[in-house]
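Thanks for coming. Please look at the structure on the screen, and I will go through some of its charged pairs.

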Amino acid sequence: MARDLEVAILFADVVGSTQLYDKFGDTKASETVALCLDVMKDATHQFNGTVIKTIGDEVMSTFETVDDAMGAAVMMQTRVTSETREGGIPVTIRIGCHFGPVVQEQNDIFGAAVHTANRMTSQAKARQIVTTSNMVDQLSAEWRASVRQIDLAHVKGKSGEIALFEVLWQKEDVTSMLPTITWANEQ
C-alpha cells in the first residue's frame with residue numbers, strides 16, 4: 001500500500017566512473033566505486049537517513065529533516081575526498097537534494113520531488129552539493145548560512161526556472177567579497 005509523505009531526497013553520484021574503469025581496470029575501479037558507495041550509505045545512516053537504493057555508482061537516500069540530509073551530504077563529500085585519495089585513486093562525487101512530497105511503495109519512493117532531486121545531481125559539478133529553494137526554506141539558520149544561490153535553470157519536468165543553490169562545505173574555498181582594510185599601523 002502506498003503512503004504519501006514529505007522528505008528530503010538526496011542523490012550522490014560518483015563523477016567519471018566510466019573513465020575509472022578505462023584508466024585503472026575493472027577490479028581497481030569497481031573497488032573504488034564500492035568504497036564510495038559504502039561511504040555514501042554510511043553517511044546516510046549516520047544522519048538518520050534511509051538508503052532507498054543504489055543505482056550503479058549512485059545512491060538515493062531520504063531523510064526526515066533537511067538538516068540531516070545536509071549533514072550527510074557534507075560527510076559524503078569530506079570522506080570520499082579523503083578516503084579515495086588514501087586508496088590511490090582520487091575520485092569525486094556530486095550531490096543533488098530536494099525536499100518535497102513523495103509516494104512510498106514498499107522500499108521505494110516515487111514522484112516529482114524524486115525527479116527534481118535527481119535533476120539537481122545532474123546540475124552539480126564534481127565536489128559540489130546542489131539543492132533547491134524548497135530545501136533551503138526548510139534549513140536551520142546555521143545551515144542556511146552555508147548556502148548561496150548560484151543559478152536559475154530550466155529543469156526537465158518543471159515549468160519555468162527554478163533557483164539552484166550550492167552548499168558551501170569547504171569553508172576554505174569560500175570567496176570573500178569584502179574590501180581589504182589597511183590599518184594605520186600597517187603602513
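K53 and D108 join their side chains in a salt bridge, 3.1 Å from N to O; a salt bridge here is a side-chain nitrogen of Lys or Arg within 4 Å of a carboxyl oxygen of Asp or Glu. K53 sits in strand β2 and D108 in strand β5 (residues 108–110), so this pair ties together parts 55 residues apart in sequence. Strands are DSSP runs of E, at least two residues, numbered from the N terminus.

This is a predicted model, where local features need pLDDT of at least 70 and side-chain atom pairs count only at pLDDT 80 or more, while totals for chains, interfaces and linings use all residues. Residues are numbered from 1 along each chain as its sequence is written, and side-chain values use heavy atoms, with hydrogens and water left out.

Is D108 buried or exposed? D108 counts as buried, because its relative accessibility is 18%, and K53, at 32%, counts as partly exposed. Buried means under 20% relative accessible area, exposed over 50%, and partly exposed in between, with a 1.4 Å probe and protein chains only.

How many salt bridges does the structure hold? There are 4. Another one of them pairs R94 with D13, with the closest N and O atoms 3.0 Å apart. R94 is in strand β4 (residues 93–105) and D13 in strand β1, so the pair ties together parts 81 residues apart in sequence. D13 is buried at 9% relative accessibility, whereas R94 is partly exposed at 23%.

E166 also forms a salt bridge, with R148, at 2.8 Å between the closest N and O atoms.

Terms used: Helices (H or I, at least four residues) and strands (E, at least two) are DSSP runs, numbered from the N terminus.
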